[in-house]
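Please look over the sequence and the model shown here before reading the report that goes with them.

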Amino acid sequence: MSRLTGLFADLGKQGRAALIPFVTAGDPSLAVMVPLLHALVAAGADAIELGVPFSDPMADGPIIQRASERALARGVKMRMALEWVREFRLHNQHTPIILMGYLNPVEAMGAESFALAAKDAGVDGVILVDLPPEEGADYADLLKNHQIDPIFLLAPTSGAERVAAVKAIGSGFVYYVSLRGITGAAQADWQEVLARVATLRRSLAMPVAIGFGIRDAETVALVAPGADAVVVGSALVERLSGCTSDAEVLAAAQAFMAPLAKTIAASKGVSA
């Protein structure tokens with residue numbers, strides 16, 4: 001059983017959704033990355049999405065774009081992100097780590113080399129934002145052969161054929177993009193989002209995480225009862241970007257996560 005499968009099974013018994021924060025690899029600093037991952041877990045993260053910086057992050061809003069730019073300026077590459085995961089695994093063997101990024105860095109490294117290195121580092125899932133499921137079967141098979149879940153995105157505009165394609169080759173969970181736009185965009189119609197997710201959960205037979213537009217405990221409280229996981233990205237990245245020291249980064253991460261973790265622990269919903 002993969003770490004992601006085990007996580008959703010355990011949380012399903014508890015009747016609550018997973019809390020998944022997103023941070024950009026190499027931002028706010030290189031030295032803080034592994035301590036930051038541990039701090040997020042200590043503050044209530046059930047899994048972590050680690051964003052691999054890319055020069056043309058088409059799905060990301062200005063906050064995560066700027067974080068990627070800062071990381072790239074520091075020389076961050078895919079292998080550095082994998083090394084941080086490896087270091088994290090020295091002291092944490094249970095929290096799932098999902099790499100989220102774009103196809104180009106994987107292609108530059110070589111798909112087979114990437115899959116081998118990701119497995120060796122302890123990566124549990126991979127989201128390639130610009131890889132459509134209709135063209136992703138080979139990548140999905142490669143990742144699965146290395147015990148890594150290929151995770152795909154669905155959006156409000158996804159039709160029945162796209163949903164079927166994701167169901168056929170995806171695993172771990174499905175990332176539902178709540179907005180018709182980029183990360184950090186205007187607030188979604190949450191009732192519409194939850195109705196769509198309820199339909200997807202029935203048809204996919206796979207956990208569904210809701211991301212994009214979740215910024216605080218209030219939005220977590222709205223969506224957690226209807227999802228298997230909630231993903232918080234831009235708001236956390238923005239909070240950390242204003243820190244002036246690594247110690248401040250760790251304190252800010254814990255302060256940001258605390259009300260979200262408290263809220264999601266109190267929520268009871270569809271996972272029950």
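## Basis of the report

This is a predicted model, in which local features need pLDDT of at least 70 and side-chain atom pairs count only at pLDDT 80 or more, while totals for chains, interfaces and linings use all residues. Residues are numbered from 1 along each chain as its sequence is written, and side-chain values use heavy atoms, with hydrogens and water left out.

## The chain as a whole

The protein chain contains 12 helices and 9 strands, where helices (H or I, at least four residues) and strands (E, at least two) are DSSP runs numbered from the N terminus. Along its principal axes, the C-alpha trace spans about 45 × 40 × 35 Å. A compact globule of 272 residues would have a radius of gyration near 19 Å, and the 17 Å of the protein chain agrees with this; the radius is taken over C-alpha atoms, and the globule rule is 2.2 Å times the number of residues to the power 0.38.

Of the 272 residues, 58% are buried, a term that means under 20% relative accessible area, whereas exposed means over 50% and partly exposed lies in between (1.4 Å probe, protein chains only). The chain exposes about 11000 Å², of which carbon and sulfur atoms supply 53%; accessible areas come from the Shrake-Rupley method with a 1.4 Å probe, and for residues only the protein chains shown count as cover.

## Pockets

Pockets and cavities are both found on a 1 Å grid over the protein atoms alone: a cavity is a set of points where a 1.4 Å probe fits but cannot get out, a pocket is an open set with protein on both sides within 12 Å along at least five of seven lines, and lining residues have an atom within 4 Å of a point. Grid points are joined across faces, edges and corners, and a volume is the space filled by probe spheres set on the points. The largest pocket has a volume of about 310 Å³, and of the 19 residues that line it, Ala59, Val129, Leu153, Arg162 and Val177 are the closest to its centre. This lining divides into 14 nonpolar, 3 polar and 2 charged residues, with Ala, Val, Leu, Ile, Met, Phe, Trp, Tyr, Cys and Pro counted as nonpolar, Asp, Glu, Lys and Arg as charged, and the others, Gly among them, as polar.

The second largest pocket has a volume of about 160 Å³, and its lining residues include Pro53, Phe54, Lys77 and Arg79. Helix H4 (78-89) and helix H5 (103-109) are the elements that give two or more residues to this lining, and H5 provides the largest share, 4 residues. By class, the lining of the second largest pocket has 8 nonpolar, 2 polar and 2 charged residues.

## Cavities

The structure holds 4 cavities of 30 Å³ or more, and the second largest cavity has a volume of about 90 Å³. It is lined by 14 residues, of which Phe22, Gly51, Asp60, Met100 and Tyr102 are the closest to its centre. The lining of the second largest cavity comprises 9 nonpolar, 4 polar and 1 charged residues, and S1, H3 and strand S3 (97-101) each supply at least two residues of it.

## Helix H11

In helix H11 (residues 234-241), the buried residues are Ser234, Ala235, Leu236, Val237 and Leu240. They pack against strand S1 (18-24), helix H2 (33-42), helix H3 (62-73), strand S9 (229-232) and helix H12 (246-266).

## Backbone details

Most residues other than glycine have a negative phi, and most peptide bonds are trans. The peptide bond from Asp27 to Pro28, however, is cis, with omega near 15°, and Pro28 lies in the loop between S1 and H2.

Gln147, which is not a glycine, has a positive phi of about 60°; Gln147 sits in the loop between helix H7 (137-145) and strand S5 (149-151) and is exposed, with a relative accessible area of 51%. Phe212 also has a positive phi, near 75°, and is found in the loop between strand S8 (208-211) and helix H10 (217-223), but Phe212 counts as buried at 6% relative accessibility.

Technical notes. Contact means heavy atoms within 4.5 Å.
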